[in-house]
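Please read the following report alongside the sequence and the three-dimensional view.

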Amino acid sequence: MAAFEDLEELFERLRRRLMREAERLLAETGLQPDWSPDGRLQPLYTVYEYPDRYVILVDMAAADTSTLSVTATRDRIVLEARLQQELRLSDIYGNVAGREVSLRYYHHEIPLPEDADPEGIRVRVRPNKIVEIVVPKRASQG
Amino acid sequence: MEYEEFELRHPSFLVLGLPDTGLVGVISSNHLVETLKMREVAGIDFATMMPPVAVISNGDVRPPLRIFVHENLMALTAEAPVPPASVYPLAKMLVDYAMKRGVDYIVSIVGVASPNRINIEKPRVYWIASNEKARRLVENAGIEGFLNGYLVGPYALILKNAIRARMPNLVLLADAYIEFPDPEAAAEVLALLSKITGIEIDTKKLLEQAEMIRLRLRGLMKQTRQALAEMGGPSPLMYA
């Protein structure tokens, strides 16, 4: 029994990883919308690499940055913040479509490179709601 | 194609708002159109070379590139990035059109990818001029020239075509976030544009709506990033 459960768990982990990878690829091709009907909005972000650190900038326009949470795990950063107010998709684009979709929060998972050291992250929020996350690199590498 | 007759006063300026770094041009021309209540008079569509996009504006079907007029100012707005294959014909066409219409200056609005943008409170604006006449426009504006670097994409070709055609083309470049729409950079360019053209441009509303503009333009920003990357060159990040 135990062996089966282990296998099942392994498959489940693999399945989740595949799904994540597929989602990432879809997002990169721009085929996937950057919002979802459950109210989630995916922010734009950029990663810069410096010799000793990574700097991630995230555009959190219209977010209530006092609710921002940034959690780092070994291989990813999870970002979340509520919007200042609920926004309908139709309000953003000034269109008739999307009236039913209300956006309430930003949520995104940013994969971290192998040599990133999530323990030392620093987060800074600029008044214009651009969030800067600095992730040091592990010193032992190289 | 032009769909309405119009008279252009002189000295006339054609402001180009093509998708580029930080969408500074797009945001600037959209704001001009809105705040000056400019009249839509013409549009550009290449049947086989533009993305298959029809723009619906207040129920009317419009081409992806549109031209608006107000007194001596024309503004070009874009709803989709220019695909790499269309860059050459578009650049030629725009310069030819400006000549035909008797435009005195083409003003290109561009973002300079600035990795340090997050630490800059007030984005700076730089200039590149195609000739002496264009240079005289900014001589006394108190801004620095853009001395060394690259310009990649449609604006680079427009500049080169303008030089060949002896058409004054002034390129205004603002420090901008590389991959985020940057209304603050657009506001700085518009303030300068107001100074050199003498046209009053209120940017208060632009800054008030900055966050909504950033939200709205996320999709276009992503597509633009991709289009610029495909255009290759030294990489879209290497402006400075």
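Predicted model: local features only at pLDDT ≥ 70, side-chain atom pairs only at ≥ 80, totals over all residues.

Residues are numbered from 1 along each chain as its sequence is written, and chains are lettered from A and ligands numbered from 1 in the order in which they are written.

**Chain A**

Chain A contains two helices and nine strands, where helices (H or I, at least four residues) and strands (E, at least two) are DSSP runs numbered from the N terminus. Along the sequence these elements follow the pattern α-β-β-β-β-β-β-α-β-β-β. Of its 142 residues, 20% count as buried; a residue is buried if 20 or more other C-beta atoms lie within 10 Å of its own, exposed if 12 or fewer, and partly exposed in between, with C-beta atoms placed from the backbone. Among contacts in chain A between residues at least 6 apart in sequence, 48% join residues at least 24 apart, a contact being a pair of residues whose C-beta atoms, placed from the backbone, lie within 7 Å.

Helix α2 of chain B covers residues 87–100, and its 14 residues should span 20 Å at 1.5 Å a residue, which agrees with the 20 Å between its end C-alpha atoms; the expected span is 1.5 Å times one less than the number of residues. The buried residues of α2(B) are B:Val87, B:Leu90, B:Ala91, B:Leu94, B:Val95 and B:Ala98. They lie on the same side of α2(B), because they cover an arc of only 125 degrees around the axis, the arc being that of the directions from the helix axis to the C-beta atoms. These buried residues of α2(B) pack against β1, β7 (105–113) and α4 of chain B.

Helix α5 of chain B (residues 183–197) has 15 residues and reaches 20 Å from its first C-alpha to its last, close to the 21 Å expected at 1.5 Å a residue. Eleven of the 15 residues of α5(B) are buried, so the helix is largely enclosed by the rest of the structure. Among the buried residues of α5(B) are B:Val189, B:Leu190, B:Leu192, B:Leu193 and B:Ile196, and B:Glu184 and B:Glu188 are also buried.

**How the helices pack**

Two packed helices are described by the angle between their axes and the distance between the axes. Here axes are lines fitted to C-alpha atoms, for helices over the stretch in contact, and angles run from 0 to 180 degrees between N-to-C directions.

| Helix pair | Angle | Distance between axes |
|---|---|---|
| α2(B) and α4(B) | about 45 degrees | 9 Å |
| α1(B) and α5(B) | about 60 degrees | 8 Å |

α1(B) and α5(B) are therefore oblique to each other, given that angles under 35 degrees count as roughly parallel, over 145 as roughly antiparallel, 65 to 115 as roughly perpendicular and the rest as oblique. α1(B) passes α5(B) in a right-handed crossing, and a crossing is left-handed if the near helix is turned anticlockwise from the far one by less than a right angle, and right-handed if clockwise. In this pair, B:Val24, B:Ile27, B:Ser28 and B:His31 in α1(B) meet B:Pro183, B:Ala185, B:Ala186, B:Val189 and B:Leu190 in α5(B).

The crossing of α2(B) past α4(B) is right-handed. The residues of α2(B) that take part include B:Leu90, B:Leu94 and B:Met99, and those of α4(B) include B:Leu157, B:Ile158 and B:Ala165.

B:Tyr155 also lies in helix α4 of chain B, and it counts as buried, with 23 C-beta neighbours inside 10 Å. Leaving aside residues up to four places away in sequence, B:Tyr155 touches B:Leu18, B:Asp20, B:Ser108, B:Val110 and B:Val171. B:Ser108 is 47 residues from B:Tyr155 along the chain, yet their C-alpha atoms are separated by 6.8 Å.

**Backbone details**

The peptide bond from B:His10 to B:Pro11 is cis, with omega near -5 degrees, and B:Pro11 is found in the segment before β1 (13–17) of chain B.

Two residues other than glycine have a positive phi. A:Lys129, with phi of about 65 degrees, lies in the loop between β8 (122–125) and β9 (130–136) of chain A and counts as buried, with 21 C-beta neighbours inside 10 Å. B:Arg166, with phi near 55 degrees, sits in the loop between α4 (154–165) and β10 (169–176) of chain B and is exposed, with 10 other C-beta atoms within 10 Å.

Note on methods:
Contact = placed C-beta atoms within 7 Å.
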